Amino acid sequence: MNRAVAARETVAALRTIREQWAELLLAVETPPADVWPPRQLAHTLRAVDDEQLDVVDRAPLVLRQHPAPANLDALDTGLAVERMIFSLADTLAAAVQYGEQRAQRDLRRWEFADPGAADIRHAHGSRAHGLHFACVWIEGRLLDEDTTPEQQLDGALAAPLFAPLPVYLLHEARRTVRITEGRLLRTLGLDARSTPVPDRACPWCAGDLELHTAPDTAPSVTCSTGRECAAPVPLDEQGRRVWGWGDLVALVAALAEAEPTRAA
């Protein structure tokens, strides 16, 4: 595979992991959800305070206690994602990061964990900065950032921080990151799939409803009846009524109104 293509695909997968990480942290603290409502919409509808949603700056999963996670599958996935990403950063750093040659620590460097360190702040190395930092750091290596000499304030040239990433490590990074991305998306139900909405029929025609998800698009729902369905939403390319992201709240409300009738 072309080097540029491999790097681009890997960077895109890393960004997906970063973008969905907060969603996974929420999932750890949320009981496993049914197909309906879709996870993204469930978080939108759920009344929660700001503290519960402030998940980006929490300690890495591998460095904190988990007394009673609500969703063990999400926790297992989160721990696996962190281990794979942190281990990949260790591997790349060992191969391309030059030894420290400057008077002060450069924050762009990846610090290895050292459980025996006298200063507890350095015991976990760069892992203590969390998954977002690790993903951004790996992305920099994929793009060969900081691989040329740097001019200092006195005009002298300092040695680069990193060597260019060898092709074999680029492909290893691509393999690892894509596996990690796939597991995260499957756990969140955001991989490309179409799933029947259980125990709920279209409020307008009683047709079968189907939820469609994909990593790069918002969820949508279609009705199997087709053009004959009177729902006030557009048709998709297959002639089905489709509720896009902007219409899903209205569908949730319509299904809630129909619930007593269905129960009766």
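Is Arg-108 buried, partly exposed or exposed? Select Arg-108: this residue is partly exposed, because its relative accessible area is 31%. Asp-106 is buried, with a relative accessible area of 11%. Together with Asp-106 and Arg-108, they are linked in a network of salt bridges.

**Colour by confidence**

This is a predicted model, so colour the chain by pLDDT before going further. The mean over the protein chain is 85. Of its residues, 84% reach 70 or more. Where is confidence lowest, and where is it highest? Select residues 50-53, helix H3: the mean there is 44, the lowest in the chain. Then select residues 131-142, helix H5: the mean is 97, the highest.

Go back and select residues 47-57. The pLDDT is below 50 over this stretch. Apart from near neighbours in sequence, the stretch has eight contacts in the model. Where pLDDT is low, the predicted coordinates should not be read in detail.

**Helix H5**

Stay with H5 for the next stop. Its twelve residues should span 16 Å at 1.5 Å a residue. Check the distance between its end C-alpha atoms: they are 16 Å apart, which agrees.

How many of the twelve residues of H5 are buried? Nine are, so H5 is largely enclosed by the rest of the structure. The buried ones include Leu-131, Ala-134, Cys-135, Trp-137 and Ile-138. Glu-139 and Arg-141 are also among them. Show H1, H4 and H6 as well: they are among the elements that cover the buried residues of H5. Just after H5, select Asp-144, which takes a positive phi of about 55°.

**The nonpolar cores**

Next, look for the largest nonpolar core, with 42 residues. Select Ile-17, Trp-21, Ile-85, Trp-137, Ile-138, Leu-142 and Leu-184, the residues with the most contacts inside this core. Helix H1 (3-28), helix H4 (72-96), H5 and helix H6 (167-188) each supply at least two of the core's residues.

Zoom in on Ile-85. What does Ile-85 touch, leaving out residues up to four places away in sequence? Its contacts are Leu-14, Ile-17, Leu-131, Ala-134, Cys-135, Ile-138, Val-177 and Thr-180.

A second, separate core has 15 residues. Select Trp-36, Leu-211, Ala-231 and Val-233, which are among its members.

The whole structure holds 13 salt bridges. Select Arg-178 and Glu-9. They form one of them, with the closest N and O atoms 3.8 Å apart. Arg-178 sits in helix H6 and Glu-9 in helix H1, so the pair links parts of the chain 169 residues apart. Arg-178 counts as partly exposed, at 40% relative accessibility. Glu-9 is partly exposed too, with a relative accessible area of 28%.

Now select Arg-127 and Asp-90. Their closest N and O atoms are 2.6 Å apart, in another salt bridge. Arg-127 lies in the loop between H4 and H5, while Asp-90 is in helix H4, so the pair ties together parts 37 residues apart in sequence. Is Asp-90 buried or exposed? Asp-90 is buried, because its relative accessible area is 19% and buried means under 20%. Arg-127, at 21% relative accessibility, counts as partly exposed.

**The sheet**

Finish with the strands. Four of them form an open sheet in the order E3-E4-E5-E6, with antiparallel pairing. Which strands stand at the edges? They are E3 (193-201) and E6, each with a single partner strand, so one side of each is left without a neighbour in the sheet.

Walk across the sheet from E3. E3 and E4 pair over five bridges. Select Arg-193: Thr-213 in E4 stands opposite. Move on to E4 (residues 208-214), which pairs with E5 over five bridges. A hairpin of two residues joins E4 to E5. Select Ala-214 and its bridge partner in E5, Thr-217.

Strand E5 (residues 217-223) is mostly covered, with five of its seven residues buried. Two bridges join E5 to E6 (residues 242-243).

Methods
Residues numbered from 1 in each chain as written. Predicted model: local features only at pLDDT ≥ 70, side-chain atom pairs only at ≥ 80, totals over all residues. Heavy atoms only, no water. pLDDT = per-residue confidence, 0-100. Helix = DSSP H or I, 4+ residues; strand = E, 2+ residues; numbered from the N terminus. Contact = heavy atoms within 4.5 Å. Core = buried A, V, L, I, M, F, W, Y, C linked by side-chain atoms within 4.5 Å. Buried < 20%, exposed > 50% of the residue type's maximum accessible area, 1.4 Å probe, protein only. Pairing = 2+ DSSP bridges. Salt bridge = Lys/Arg side-chain N within 4 Å of Asp/Glu carboxyl O. Expected span 1.5 Å × (residues − 1).
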